[in-house]
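Take a walk through this model with the structure open beside you. Start with a helix, then turn to a loop.

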Amino acid sequence: MRFAAAVACLTIMSASPVLADGSAEAGANVFKKCAVCHAVGDGAKNKVGPELNGIIGRKVAAAPDFNYSPAFKAKAEEGWSWDEQHLTAYLRDPKAYVKGTKMVFPGLKKPEDLADVIAYLKTFPSQQ
């Protein structure tokens, strides 16, 4: 039984880098779910949610002129930045990962959707 569990763990761990790469092209499709509240690209503006240009590496709650929830302001005070790990966990289940977030989106449940949308977001550098 332990051997089977070890093999399963190794299989998952070896698959992770492939998932982490994701497909920006497929992510564009996934992002359609996000585009209701968020914008990326030239001229992106805050909507119901903040614009997401340059999100990877950006400090949490740092989009100019966006009114963040107290929960995100607290994360910013803790020094959080958006890296792939935080973004993956948040997008999987926003309300569980940041208690008190205003984001109502239920999350992306498929690991490939998470990897793809992150790959897509990486294609949009900061516009500032």
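How many of the eleven residues of helix α6 (residues 111–121) are buried? Nine are, so α6 is largely enclosed by the rest of the structure. Buried means under 20% relative accessible area, with exposed over 50% and partly exposed in between (1.4 Å probe, protein chains only). The buried residues of α6 are Asp113, Leu114, Ala115, Asp116, Val117, Ile118, Ala119, Tyr120 and Leu121. Helices (H or I, at least four residues) and strands (E, at least two) are DSSP runs, numbered from the N terminus.

This is a predicted model: local features need pLDDT of at least 70, side-chain atom pairs count only at pLDDT 80 or more, and totals for chains, interfaces and linings use all residues. Residues are numbered from 1 along each chain as its sequence is written, and side-chain values use heavy atoms, leaving out hydrogens and water.

Now look at helix α4 (residues 84–92). Its axis and that of α6 come within 10 Å and cross at roughly 125°. Axes are lines fitted to C-alpha atoms, for helices over the stretch in contact, and angles run from 0 to 180 degrees between N-to-C directions. On the α4 side, the contact (heavy atoms within 4.5 Å) uses Glu84, Leu87, Thr88, Leu91 and Arg92. Leu114, Val117, Ile118 and Leu121 contribute from α6.

Finally, find Ser69, in the loop between α2 (24–30) and α3 (70–77). Ser69 is buried, at 3% relative accessible area. Its C-alpha atom is separated by 6.1 Å from that of Thr101, 32 residues apart along the chain.
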